[in-house]
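Here are my notes on this one, point by point. Have the model open while you read.

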Amino acid sequence: MVAFLREPRVSQFCRFKVGLWMPSKLVVVKVGTSGITARDGNLDEEEMKRLTDQIADVTRQGNKVVLVTSGAVATGIAELGIPAKPNDVVFQQAAAATGQSVLMAKYRELFKVHGLRVAQILLTAEDLSNRPSYVHMCNVLNMLLKTGVIPIVNENDVTSVAELRKKEGYKVNFSDNDILSVLLASAIGADIAIILSDVDGLYTANPEEPGAELIKTVEGITSELKSSLTGKSKLGRGGIQSKIKAAEIATSCGIPVVIANSRRENVIVDIILGKAVGTYFKPQTPMPAVKRWIAYGASVKGEIHVNEGAKKAVLEGSSLLPVGITKIVGYFNEGDVVSLIDENGCEFARGNPNLSSGDLNMVKGLQQNQVHRKLGTDKPKEAVERKSIHLTGEEK
């Protein structure tokens with residue numbers, strides 16, 4: 001296991017009193033499209049300078065920062081000078097390809113003033129779904145940070161094919177940079193994730209409504225909280241629901257989150273100093289690294305449907321055996337992440353199967369001795385081992 005897959009400590013980051021010494025932090029900062037572009041989609045160079053100046057400042061204090069940035073599509077549309085076509089996937093991807101080069105050139109220029117180098121990392125859902133690729137990505141980020149480089153991460157819109165998400169049994173792990181940022185934070189064991197947006201944080205109601213108040217601290221994310229949220233940026237894909245989902249993922253992995261306004265003066269510096277900025281989401285007890293990847297990092301490649309007895313056994317901490325499997329949905333390989341589905345069609349767990357969908361189709365419902373006759377004695381007796389199962393309790 002690489003060093004970056006360490007277990008985050010729940011109390012590792014809290015809001016410190018100003019003036020107290022603080023150890024260096026590993027920080028993931030996500031900035032949305034609205035935070036670095038003007039209304040016409042062109043880059044807002046003044047805001048980008050403020051952002052990079054702050055990151056340079058906290059880096060000089062000994063902190064390590066990974067920047068997750070949106071804005072490539074909007075920048076590309078402005079660069080091409082063609083009206084936006086939001087329903088045209090190929091156009092959106094062409095705009096992203098055009099805008100990404102403009103975006104990185106500006107980041108390089110601005111960080112170079114501070115003597116900092118940058119590295120571009122473009123990721124797709126598949127990059128995080130494959131465990132060896134996931135670990136290798138962590139190693140690369142580790143090396144970049146050790147050498148003083150600022151990793152700048154974005155979703156690879158050019159190669160992220162939407163049709164992949166329509167396969168039967170397939171569930172994508174992220175669909176915007178809010179989620180991507182906290183998946184990265186979990187992968188590298190960050191001390192805090194900062195999600196910068198066009199709002200000051202989470203409010204008791206729509207911020208434009210009279211009487212709406214900023215919520216300074218969220219102890220835990222409830223279903224009532226999630227169902228009460230609305231709102232989405234005009235230029236970006238992520239809305240407040242996406243940010244709360246991101247906060248839920250990060251805090252369940254033991255990582256605190258702050259959602260704040262990207263255009264607030266010294267927003268990043270003040271958050272690192274422990275000042276009360278935006279909305280602070282308290283971390284929960286973290287789960288083991290592999291289970292974090294199963295729960296959130298990897299896309300779900302298929303489904304294993306089980307009977308009530310098998311579900312009960314899994315919920316009580318046992319492995320899943322072929323005898324309890326009733327149906328296989330989708331096509332997946334050994335080691336992919338799949339959903340475990342009960343008789344009501346609800347997902348109750350996710351796991352890493354020891355067998356491919358083809359092999360499981362051959363042995364579903366069979367006893368162990370029958371499985372060995374079908375596949376040979378060298379195959380594991382468990383379809384999914386208990387150490388590779390994460391309970392979700394979520395409906396399909």
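1. Contact here means heavy atoms within 4.5 Å. By that cut-off, and leaving out residues up to four places away in sequence, Asn352 touches Trp293, Ile294, Gly335, Asp336, Val337, Ala383, Val384 and Ser388. Keep in mind that this is a predicted model, where local features need pLDDT of at least 70 and side-chain atom pairs count only at pLDDT 80 or more, while totals for chains, interfaces and linings use all residues. Residues are numbered from 1 along each chain as its sequence is written, and side-chain values use heavy atoms, with hydrogens and water left out.

2. Staying with Asn352: is this residue buried or exposed? Asn352 is buried, at a relative accessible area of 11%; the scale is under 20% for buried, over 50% for exposed and partly exposed in between, with a 1.4 Å probe and protein chains only. Its side chain gets to 3.1 Å from the backbone oxygen of Asp336. That is a polar contact (a pair of N or O atoms within 3.5 Å; within protein, one must be able to donate a hydrogen and the other to accept it, and residues adjacent in sequence count only if both atoms are side-chain atoms).

3. Asn352 is found in strand 12. Helices (H or I, at least four residues) and strands (E, at least two) are DSSP runs, numbered from the N terminus; two strands pair if DSSP finds at least two bridges between them.

4. Strand 12 (residues 347-353) and strand 13 run antiparallel and are joined by four bridges. Pro353 has Val384 of strand 13 as its bridge partner.

5. How many aromatic pairs does the structure hold? There are two, going by rings of Phe, Tyr and Trp (its six-membered ring) with centres within 6.5 Å; planes under 30 degrees apart count as stacked, over 60 as edge-to-face and the rest as tilted. Tyr107 and Phe111 are stacked, 6.4 Å centre to centre with 25° between the planes. They sit four residues apart in helix 4 (residues 89-112), so about one helical turn separates them. Tyr134 and Trp293 form a tilted pair, at 6.1 Å and 50°. Tyr134 lies in helix 6 (residues 131-146) and Trp293 in helix 11, so this pair ties together parts that are 159 residues apart in sequence. Both Tyr134 and Trp293 are buried.
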